[in-house]
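Here is a short tour of one protein model, written for reading beside the structure. Have the viewer open and follow along.

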Amino acid sequence: MALMAAMVPIHCAAQSETVQTMDLCRGSTEADRAIANSIIEGGWVKGLPGDAKHEYLQATFGTKIPTAKKYEIVHASPPNACNEGSELLDNAEQVAGKAVVIERGGCQFLEKAMKAWSSNASMVIIVNSETSINRYGCEPRWKGLKVDIPALMVTDKGGEALKLMKGKIVEFPASPKVRKDTWLKIDSYRDTTGWAKKKSEQKMQLKQLRTEHAEWPDRIAAINMGYGFKTNGPVPPHGEEL
């Protein structure tokens, strides 16, 4: 039988010279860390134009996405779901039973998710305002316990693809390759902090990163963007980096 849950003790350090993570909290032992690392955090949207594999990460609240379940796409009204004075989306009747796409900004993630849930959506998809994704959450965490539908985030590029999918059916396969830590590394290239200092090394990095992440268009877009910012010049076509 597959592992459904585990109590994993963690250790949190105030600072570390060796652990380069955002929160410095990890499982206490190698076995504990292996269990934590086995958790599926995301995947990709299947059924988009051109079969593009736009990624998603699940929020730290909400439920697991049912295996092989298909979802009809609908877009929220208002687009950012920040309509004051109402617990429902303006188009709640159209949203019911569907995966609702909501733009980031204007109000908190939990407020958006709660309005989708109250409108009987079957999933809430937050579109980020940049080419990046993260496992958004809420504090304190108990506030998100009421949201019993999947909640996830796609990049701005994924959001553009979903704009073309209104009324169409997509799936959300899970993948162990789509992880928060992977995207933290991608973000370091997008914001230019992850690149080497020497231009010759930057070109080699670009070639290696494009090869490593070739199947993931969101990552390639973020890497190319960061390279352009770092070098303040044109981004060479793939295969012509050196």
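In the residue classes used here, Ala, Val, Leu, Ile, Met, Phe, Trp, Tyr, Cys and Pro count as nonpolar, Asp, Glu, Lys and Arg as charged, and the others, Gly among them, as polar. This is a predicted model, in which local features need pLDDT of at least 70, side-chain atom pairs count only at pLDDT 80 or more, and totals for chains, interfaces and linings use all residues. Residues are numbered from 1 along each chain as its sequence is written, and side-chain values use heavy atoms, with hydrogens and water left out.

Let us begin with the second largest pocket. A pocket is an open set of points on a 1 Å grid over the protein atoms alone, where a 1.4 Å probe fits, with protein on both sides within 12 Å along at least five of seven lines; lining residues have an atom within 4 Å of a point. The second largest pocket holds about 210 Å³ of space, the volume being that filled by probe spheres set on the points. Its lining has 13 residues, and closest to the centre are Val-101, Glu-103, Val-127, Gly-159 and Lys-163. By class, the lining divides into 4 nonpolar, 4 polar and 5 charged residues. Helix 4 gives the most, with 4 residues. Helices (H or I, at least four residues) and strands (E, at least two) are DSSP runs, numbered from the N terminus. Strand 6 (99-103) and helix 4 (156-163) each supply at least two lining residues.

Two of the pairings are set out here.

| Strands | Sense | Bridges | A bridge pair |
|---|---|---|---|
| Strand 3 (42-45) and strand 4 (54-58) | antiparallel | 4 bridges | Val-45 and His-54 |
| Strand 3 and strand 10 (174-175) | antiparallel | 2 bridges | Gly-42 and Ser-175 |

Finally, look at two helices. Helix 5 (180-190) and helix 7 (217-231) pack at an angle of about 30 degrees, with axes 7 Å apart; axes are lines fitted to C-alpha atoms over the stretch in contact, and angles run from 0 to 180 degrees between N-to-C directions. Helix 5 is therefore roughly parallel to helix 7, a term for angles under 35 degrees.

Notes:
Angles under 35 degrees count as roughly parallel, over 145 as roughly antiparallel, 65 to 115 as roughly perpendicular and the rest as oblique. Two strands pair if DSSP finds at least two bridges between them.
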